[in-house]
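Please look over the sequence and the structure before reading on.

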Amino acid sequence: MLLLPTILTVTGCSSEEKISYQSGDHLFETYYDDAFFIDTGTDYCESIALASQAMAFSTFVENKDPVDRTGHLRDLWNKEKFTNIWFNEAMGKEPEIDSIGFGIASKNIADFTLIAVTIRGGDYGAELVSDFTLGEEGNAKGFDEASDKVVLGLTSYLQNNGIDGHIKIWASGFSRGAIAANMACGKILNRYRENAFLTKDVTYHQEDIIAYCFEPPLGVAVSVSEARGDLYKGIHNIMNFNSIVPLLAPSDWGFVRYGTDHYFPDRLTDIAYDETERRKLVSTYQFTYGAETFPKYTIDDWRFFDAGEELANANGLPRESLHPSLGRFSQILAREIANSGFMSRKYYVSYAEFAIWDFVKALTGVYPEIERVDPASLLKTIFGYRLIKTLINAILQTSQTFAYDAKLLFLEMFKANDQNVDLIKHIHSLNLFSLTMFLLSFTARKDIAMQLMCLENASSLFLGHQKELHYAFLRACDTRVMGKDACKLNDGNYYVLRIDNPSSFLLHEDSLGKDVFKYKDGVMESDRIAAEKYADGHIELYLPKNGHYSYQGVADLISLYNYDPLLKESLIDQQMSLDGRF
């Protein structure tokens, strides 16, 4: 039975207004009240989160006239009674390489001026090239330059509108727009720390910089501990655990985000996911406009492929997977590409970055000779039988036909004709080395390659990043929509319980009051716990940290680790008792 979302009144927020706004072809709903910002702090606020999402999503146009990027956002701000609405030049034009579009508005509330700024999200076109521009050192260059433009735009806006005194800055964005908002607010806070305000006429405090960033990639080149420090606590990043976009650029190359990361419930991070939370999330999604594009939430249907005894034994790979996780797969994929394929940031910049620019230019229609590639048709082309067979052979052994088949793919993908064939061949020749480096990512984790080369899996890889899903999930975590049944965000961490050479193992979860995992006679059983059995016989269980577990086992060794999406695995207890609780 579907859980029908109901709109509830929140005590103390009776003056807030429910507002409709347009995102692409559909109308969505949010709430707004000036009171949201009067007693702001650095803690997560669901009221501001939903209102921030509305700002970010109102920049979507879905292949219409680019002026709609300003029209929908202007409409929303007018309903919220903001004034002095201004958009930078790029906001009203088709996206260009390295451009960034954003709007700014303001209003007087109590004794301060609220400055709202949102950065264009989605429908990027040529801007995507900038997402792959990392530069040799410091912050990821493409995102860094975009955030600099936002800070400069804010400064000019304050000066041009004669704004002085106490201000608060409220920023939001989705995806590329989210990391630009994240980094812009981080830079404003860095300046605040040095007592260097945006202009000499304004003042603000740390808690006055408020950012809600949806699905941001990584791009800040500081330590994880610094990025998560108290200075940036007002920056909130809200993500789907199963989205690969927030894992790029790779954390293994030193990239992070400012502020606090929040994740929607997932099987690996919430013990109640299979009991109640998945039903709430998916039910809310099914009542969302635009969801008919992806009528089924297929993340939990991720398929695992055994690489076989020889490869698994040689590389220490899993042979069996119980409830395989797209989120965990994506984390491993990002790590393998960073370390085994492109190897280092310097290597990527020196040998692959320029080639990938040309490839993305061709995909997004920058070259007039090449028609923009429709994402839906792209997968169908790539997953032609001959190419996938060749790719698998190239991974499992040296393939003499890979370069030739890759050229055929490029010619078909970009619809070769007499006018563009030479350009397509040039793009192929530039990217052949990058493709080879990508394949090298899977020299040790061939099981990951096999999962990626399943069409159903590949089609789901970016499903967690779609805005309709994000809209529905955030509403499922909002008490005004779901009341006391609202889902709870988490920090994306989970336990890894490793059991070496087990004969038997039983795991009980106290809050559910039931056994949730059993291993006996070489067989893993669970209706909810994700687990893998490796070639050497050890088992790994991936357990939500909000669970309360007791266990009994017969094994050589039991160890407990914490997994953090940015810090990876860290040891908690190397030698646990064979009968215990945690």
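## A report on the predicted model

A249 is found in the loop between β9 (235-239) and β10 (260-263), where helices (H or I, at least four residues) and strands (E, at least two) are DSSP runs, numbered from the N terminus. The peptide bond that leads from L248 to A249 is cis, and its omega is near -5°.

The model is predicted, so local features need pLDDT of at least 70 and side-chain atom pairs count only at pLDDT 80 or more, whereas totals for chains, interfaces and linings use all residues. Residues are numbered from 1 along each chain as its sequence is written, and side-chain values use heavy atoms, with hydrogens and water left out.

### The protein as a whole

The protein contains 19 helices and 21 strands. Its C-alpha atoms fill a box of roughly 70 × 65 × 50 Å, taken along the principal axes. For 582 residues, a compact globule would have a radius of gyration near 25 Å, and the value for the protein, 25 Å, agrees with this. The radius of gyration is taken over C-alpha atoms, and the globule rule is 2.2 Å times the number of residues to the power 0.38.

Of the 582 residues, 58% count as buried. Buried means under 20% relative accessible area, exposed means over 50%, and partly exposed lies in between (1.4 Å probe, protein chains only). The protein exposes about 23,900 Å², and carbon and sulfur atoms supply 51% of this area. Accessible areas come from the Shrake-Rupley method with a 1.4 Å probe; for residues, only the protein chains shown count as cover.

Contacts (heavy atoms within 4.5 Å) also describe the fold. Among those in the protein with a separation of 6 or more, 73% are between residues 24 or more positions apart.

Which residues of α11 are buried? They are E353, A355, I356, D358, V360, K361, A362 and L363. Helix α11 (residues 353-363) is thus mostly covered, with 8 of its 11 residues buried. An α-helix has 3.6 residues a turn, so residues three or four places apart point the same way. After α11 comes G365, whose phi is positive, near 80°.

E353 belongs to helix α11 and counts as buried because its relative accessibility is 5%. E353 and F132 are 221 residues apart in sequence, yet 6.9 Å apart in space, C-alpha to C-alpha. Not counting residues up to four places away in sequence, E353 touches F132, T133, L134, G135 and Y348.

R279 lies in helix α7 (residues 273-286). With a relative accessible area of 39%, R279 is partly exposed. R279 and F304 are 25 residues apart in sequence and 23 Å apart in space, C-alpha to C-alpha.

### Paired strands

Two strands pair if DSSP finds at least two bridges between them.

| Strand | Partner strand | Bridges |
|---|---|---|
| β12 (residues 494-500) | β17 (residues 539-544) | 6 bridges |
| β12 (residues 494-500) | β19 (residues 557-564) | 7 bridges |
| β13 (residues 504-509) | β18 (residues 549-554) | 6 bridges |
| β18 | β21 (residues 579-581) | 3 bridges |

Strand β12 has 6 of its 7 residues buried, so β12 is largely enclosed by the rest of the structure. In β17, L541 is the bridge partner of L497, while in β19, Y563 stands opposite Y494. In a regular strand the side chains alternate between the two faces of the sheet.

Strand β18 takes part in bridges with β13 and with β21. In β18, Y549 is the bridge partner of E509. In β21, G580 is the bridge partner of Y551.

### Residues with a positive phi

Phi of D98 is near 70°, a positive value in a residue other than glycine. D98 lies in the loop between β3 (83-87) and β4 (102-109). Is D98 buried or partly exposed? D98 is partly exposed, because its relative accessible area is 33%.

K568 is also a residue other than glycine with a positive phi, near 65°. K568 lies in strand β20 (residues 568-573), and at 8% relative accessibility K568 counts as buried.
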